[in-house]
Amino acid sequence: MTFASLGLSPELVSAIDDRGYTEPTPVQLAAIPAVLAGRDVWACAQTGSGKTAAFALPLLQRLLGAHDEEGHRVRAVILVPTRELAAQVGESFRLLARSLQKPIKVASVYGGVSINPQMMGLRGGADFVVATPGRLLDLVDRNALRLGAVETLVLDEADRLIDLGFADELRAILERLPAQRQNLLFSATFPSDVEALALGMLRDPLRIDLPPAPALEPAIEQRSIRVDQAKRTPLLRHLIAECRWTRVLVFVATKYSTEHIAAKLRQHGIKAAALHGELSQATRAKALADFRNSQLQVLVATDIAARGIHIDKLPAVVNYDLPRSAVDYTHRIGRTGRAGEQGAAISFVSADAEPHFRLIEKRQEFRLPRETLPGFEPTEAATATATATGDANGGIKGKRRSKKDKLREATARAPEGDALPPLAPKINSIWKGRAPKR
Ligand code: AMP
């Protein structure tokens with residue numbers, strides 16, 4: 001199968017060639033014809049499998065085929081959960097659109113930076129708006145954006161956007177969009193409760209379900225290493241030297257840990273930086289850019305880097321602290337082994353974190369052997385108060401857990417799947433009767 005046979009015009013196929021894509025990935029094969037035909041799509045496909053182009057290409061094609069009046073009207077809104085992803089997805093659109101004859105305007109808008117340049121950038125409209133939910137609402141409320149002509153809503157990392165943290169904003173956006181529209185939901189994970197809600201907003205969707213999850217993918221070699229909590233930073237340094245990683249993305253549980261561990265690594269001459277949500281957007285963008293272009297060897301991040309972010313040829317991901325849920329595990333390790341490349345994902349498992357990792361393994365339906373490395377043999381026993389969540393993963397003792405933390409913990413404890421028991425009633429009430437009327 002070729003891109004041309006999927007119904008994309010020669011001009012767009014040539015733009016795809018320029019990007020170096022020779023053939024469609026499975027999710028692109030399945031999604032492109034359906035999106036072109038105007039159908040709703042629900043796509044669950046592994047991390048790094050080309051989901052962005054799976055919706056960007058047919059949306060671009062439809063715009064090329066439209067007999068347009070003057071100017072740019074917002075045809076599609078693409079919602080994403082993080083600022084970094086808004087920049088990245090917007091850039092993917094622009095790279096595909098740049099050699100097309102028709103001038104296509106793609107705006108990336110997100111919080112954490114001044115709104116004025118974004119408002120200026122939207123003068124004269126835009127064809128596609130890639131946005132984080134809060135900033136999109138701000139712009140609409142300031143009349144910088146009109147959503148009346150939107151034909152397509154894309155939720156990228158859809159399960160995250162339907163999650164409690166974004167529920168109110170998502171509801172407000174849905175209220176401002178035309179009821180008659182195409183809805184495209186993409187993610188590598190759809191926990192069962194979210195799946196039900198997601199399906200509730202779709203009409204006769206094409207369901208694309210492309211296992212395996214990256215957990216089962218040979219492209220990502222997964223390992224787990226038993227280690228005392230206090231020995232994790234020396235172990236990390238050991239692995240960086242031993243495995244000769246040119247770059248490694250290290251996930252930790254708290255903002256404080258990102259800074260603390262990056263500082264420790266720098267003391268040992270390793271180029272490392274922190275990435276978390278309380279840094280200024282300029283610092284966040286610089287850290288990610290420096291990591292992408294190999295100015296940094298180690299990026300120590302919270303879960304804001306777990307979703308969707310593409311880093312070319314990233315050889316390794318380390319779970320210094322375990323993720324809170326199996327879903328987060330999937331997204332974190334999916335930063336490596338992308339687009340058919342090989343990668344390594346290593347989880348540090350202290351005695352206290354062992355029950356939690358067992359739970360993740362159970363959800364992911366695998367069991368990794370626990371390794372011990374010479375010089376790092378664990379000596380700690382699990383503490384009596386350890387739970388399968390929170391502090392056992394390196395959370396700061398005594399720090400109050402947020403509502404979201406509690407929900408995630410409940411997720412981790414849920415008996416089956418990745419259901420979100422306390423969350424479901426709230427979301428249900430939000431969505432009740434609000435599925436778009438057609
Ligand atoms: P995504 O899952 O959209 O983040 O894409 C992951 C990576 O795969 C990105 O670097 C894309 O540029 C790349 N990619 C997307 N589609 C293709 C394709 N058909 N062939 C080769 N690489 C692709």
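Reader: What makes Ile311 count as buried?

Author: Its relative accessibility is 2%, so Ile311 counts as buried; the word means under 20% relative accessible area, with exposed being over 50% and partly exposed in between (1.4 Å probe, protein chains only). Before we go on: this is a predicted model, where local features need pLDDT of at least 70, side-chain atom pairs count only at pLDDT 80 or more, and totals for chains, interfaces and linings use all residues. Residues are numbered from 1 along each chain as its sequence is written, and side-chain values use heavy atoms, leaving out hydrogens and water.

Reader: Where does Ile311 lie, and which residues is Ile311 in contact with?

Author: Ile311 is in the loop between strand 11 (298–301) and strand 12 (316–319). Strands (E, at least two residues) and helices (H or I, at least four) are DSSP runs, numbered from the N terminus. Leaving aside neighbours within four places in sequence, Ile311 has contacts with Arg247, Leu249, Leu288, Phe291, Arg292 and Arg335; contact means heavy atoms within 4.5 Å.

Reader: Why is Asp159 called buried?

Author: Same test: Asp159 has a relative accessible area of 4%, which is under 20%, so Asp159 is buried. You'll find Asp159 in helix 7 (residues 158–162).

Reader: How do you know that the side chains of Asp159 and Thr189 make a polar contact?

Author: They come to 2.7 Å, and the limit for a pair of N or O atoms is within 3.5 Å; within protein, one must be able to donate a hydrogen and the other to accept it, and residues adjacent in sequence count only if both atoms are side-chain atoms. Beyond four places in sequence, Asp159 is in contact with residues including Phe190, Pro191, Arg307 and His331.

Reader: And what makes Ser108 buried?

Author: Ser108 is at 17% relative accessibility, so it still passes the under 20% test and counts as buried. Ser108 sits in strand 3 (residues 106–109). Its side chain makes a polar contact with the side chain of Arg94 at 3.2 Å, and the Ser108 side chain also reaches the backbone oxygen of Ala86 at 3.1 Å.

Reader: Why are helix 2 and helix 3 called roughly parallel?

Author: Helix 2 (residues 26–36) and helix 3 (residues 51–65) pack at about 30°, with axes 9 Å apart. That angle makes helix 2 roughly parallel to helix 3, because angles under 35 degrees count as roughly parallel, over 145 as roughly antiparallel, 65 to 115 as roughly perpendicular and the rest as oblique. The axes are lines fitted to C-alpha atoms, for helices over the stretch in contact, and angles run from 0 to 180 degrees between N-to-C directions.

Reader: Which residues of helix 2 and helix 3 meet?

Author: Among them are Val27, Ala31 and Val35 in helix 2, and Ala54, Leu57 and Arg62 in helix 3.

Reader: How much of the whole protein is buried?

Author: Of its 438 residues, 56% count as buried. The protein's secondary structure comes to 16 helices and 14 strands. Among contacts with a separation of 6 or more, 76% come from residues 24 or more positions apart.
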